[in-house]
Amino acid sequence: MKKMGILGPRGTHSEAAAVYLNEIIEEPSELVIFSEIYEVLHAIEIGQIDSGFVPVENSLEGSINITLDTLARSDNLIVTCELIWSVHNHLMAKSQIEVGKIKKIFSHAQPISQCRNYLHKNCSKAEICTTSSTARAAEIVAESKINENYAAICTQRAGELNGLVTIANEIQDNLNNSTRFFEIHRREDIKFDGYKEKILIICQIYGGHAGALCEVLEEFAFRNINMTRIESRPARTKLGEYIFFFDLDTDVDAKIIDEAIAAVRKKSIWLKNLGTFSVIDSLKGK
């Protein structure tokens, strides 16, 4: 069985999303847990695992920069699948206690931010403690004494794995909270057999040239290629220089897409094609 790296420990949103992906694809992979996103991506590059499954963007908190930056620096990683995963945050403890009596709440920084309104309204006296993951938060609460009145913001699975009970369900401020994940492979292992639903390209343009970004965008607009997302990141060369990520729909003729990429390449310092991929939306069951 092939191996797919994910961000651990067990019980994180990443693991839950990976389990879902395994259930709907033809060839499921053994899940291998890593402690950092960069470790997952590096393990793919050196052949330690066959693929990786990492978060790239949250609808409330924005992009996961380490994922984008590592993809930008690599010449041998491509995206082969996108999964949109609905995020559910629950308040869980070692025993049933009143929300107002909770003394400390543990979680990863993102869920804490995603539940800020709930925490302010219901747990204003509790100390908020940041952990490396929601799963680690559940472990800390499970290891605590009952009378310490600790609680974790975590997934249902993380709570159940650690013997916790639910104090409050769906405490995220926005019920439409979701995270985009990329499945990533080595370029050499994937044979191009036509454009899928989306394509991801990255380029660095001439920042000192007025209208340079506009000229690049016009190459897509002129050919009626829909751009679903644009993201900029520092080029790490000098202050004020940036690279750009473009997510593009591929519902036009393949020759038109090739023409657009070639035109943008001519207007860029460099350009990389980071893969063409299908999109799975767990909210729609697709």
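This is a predicted model: local features need pLDDT of at least 70, side-chain atom pairs count only at pLDDT 80 or more; totals for chains, interfaces and linings use all residues.
Residues are numbered from 1 along each chain as its sequence is written, and side-chain values use heavy atoms, with hydrogens and water left out.

**View 1. Helices H8 and H9 side by side.** Here the axes of H8 (residues 212–222) and H9 (residues 254–266) come within 9 Å and cross at roughly 170°, so the two are roughly antiparallel. (Axes are lines fitted to C-alpha atoms, for helices over the stretch in contact, with angles from 0 to 180 degrees between N-to-C directions; helices are DSSP runs of H or I with at least four residues, strands are E runs with at least two, and both are numbered from the N terminus.) Val216, Glu219 and Phe220 of H8 meet Ala260, Ala263 and Val264 of H9, where contact means heavy atoms within 4.5 Å.

**View 2. Strand S3 and its partners.** Strands pair if DSSP finds at least two bridges between them. S1 (residues 3–7) runs parallel to S3 and is joined to it by three bridges, with Gly5 opposite Gly52. S11 (residues 178–186) pairs with S3 in the antiparallel sense over seven bridges, and Phe53 has Glu183 as its bridge partner there. S4 (residues 62–63) is antiparallel to S3, with two bridges, and three residues sit between S3 and S4 in a hairpin.

**View 3. Two of the aromatic pairs.** The whole structure has seven such pairs: rings of Phe, Tyr and Trp (its six-membered ring) with centres within 6.5 Å, called stacked when planes are under 30 degrees apart, edge-to-face over 60 and tilted for the rest. Tyr20 and Trp85 have ring centres 5.4 Å apart and planes at 55°, so they're tilted. Tyr20 is in H1 (residues 13–24) and Trp85 in S5 (residues 77–86), so the pair ties together parts 65 residues apart in sequence. Phe53 and Phe181 are stacked, with centres 4.9 Å apart and planes at 5°. Phe53 is buried at 1% relative accessibility, and Phe181 is buried too, at 2%.

Key:
Angles under 35 degrees count as roughly parallel, over 145 as roughly antiparallel, 65 to 115 as roughly perpendicular and the rest as oblique. Buried means under 20% relative accessible area, exposed over 50%, partly exposed in between (1.4 Å probe, protein chains only).
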